[in-house]
Amino acid sequence: MIATKHPYGEEFPILRIDTPLCSGAVSLYGGHVLEWTPKGAKPVLFTSPKMVFKQGKALRGGIPLCWPWFGKNAEDASLPSHGVARTALWQLAKQEEDADGTVRLLLALPPTAELMPSAALAIEMGRTLTLSLMTLDVQRSMPFSAALHTYFAVSDYEKVAVTGLEECAFTEFAEDPQPHAEDPLIPAGHIDRIYHPVDEHAEITIHDPAWGRSIRITRAGSGSAVVWNPGAILAEGMGDLGAGNERGMLCVETTAVPAENILLRCGDTHELTMHLELVDIP
């Protein structure tokens, strides 16, 4: 079943999903997957208990869409950080539900300004979750970057391990860099890394022994990855996160970062895809 709800006001429509395979929620504000929980499992995505629904503000948790640029705009630094997608109202273009309970949604974002491309987001939600962010109707040559900025729910981010990035170079952007265990990566405190280059066929996995599961991430159209957690000090100062809530999340992002030097020309398209699957730890 798919039902449209407005728990945060009429300007913030939420698609609630409840099928034999999973439960979930998608906000049309931001084209934002808020929840995905396979039946019998703990939630896979983290949403902040202090998340704020306010026009012009990105939502804290789930899967924000950074598009059509990641970080500052390369041509005009006065434009919103991480692009326009995560604070725009998307349109529901199509919805389907298979007999087994798999849900397919297609969201559309028309151009938000002159010479801005359009976007589409295909979501397939069931026992697994797949997102494909498509860039369409490119009107001019433009530098392009994007991210599926995924907040994963974990038992404790300092007690999980991330594999699949061991051979990848990274740049640490945390102003207070912490020593983290490596090979595999076990974060400790503030971490803000861009891994690049990353083979788009590389499988990245979050291993969470306390919850007896791993989250397997496969990607396409992505030559990089981001691992982020603000740590306790920064989290305390974030009004939509708050002290202590950072422990239950770890962002492992499927990205096409500026360092990939992607240039879209008139008529080009780009597709950034992430597939998530839960795997039990024996």
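How many aromatic pairs does this model hold, if rings of Phe, Tyr and Trp (its six-membered ring) pair when their centres lie within 6.5 Å? The count comes to six aromatic pairs. This is a predicted model, in which local features need pLDDT of at least 70 and side-chain atom pairs count only at pLDDT 80 or more, while totals for chains, interfaces and linings use all residues. Residues are numbered from 1 along each chain as its sequence is written, and side-chain values use heavy atoms, with hydrogens and water left out.

**F46 and Y151**
- The ring centres of F46 and Y151 are 6.5 Å apart with planes at 20°, so this pair is stacked (planes under 30 degrees apart; over 60 is edge-to-face and the rest tilted).
- Because F46 lies in the loop between β4 (32-38) and β5 (65-66) and Y151 in strand β12 (residues 151-153), the pair ties together parts 105 residues apart in sequence; strands are DSSP runs of E, at least two residues, numbered from the N terminus.
- F46 and Y151 are both buried (under 20% relative accessible area, with exposed over 50% and partly exposed in between, for a 1.4 Å probe and protein chains only).

**F170 and Y195**
- The rings of F170 and Y195, with centres 5.2 Å apart and planes at 50°, form a tilted pair.
- F170 is partly exposed at 37% relative accessibility, whereas Y195 is buried at 2%.

**Cluster and charges**
- One aromatic cluster is formed by Y8, F12, Y29 and F53.
- R193 lies over the face of F170, 3.8 Å from the ring centre.
- The charged end of K42 sits over the ring of W211, 5.3 Å from its centre (NZ of Lys or CZ of Arg within 6 Å of the ring centre and within 35 degrees of the ring normal).

Technical notes: Helix = DSSP H or I, 4+ residues; strand = E, 2+ residues; numbered from the N terminus.
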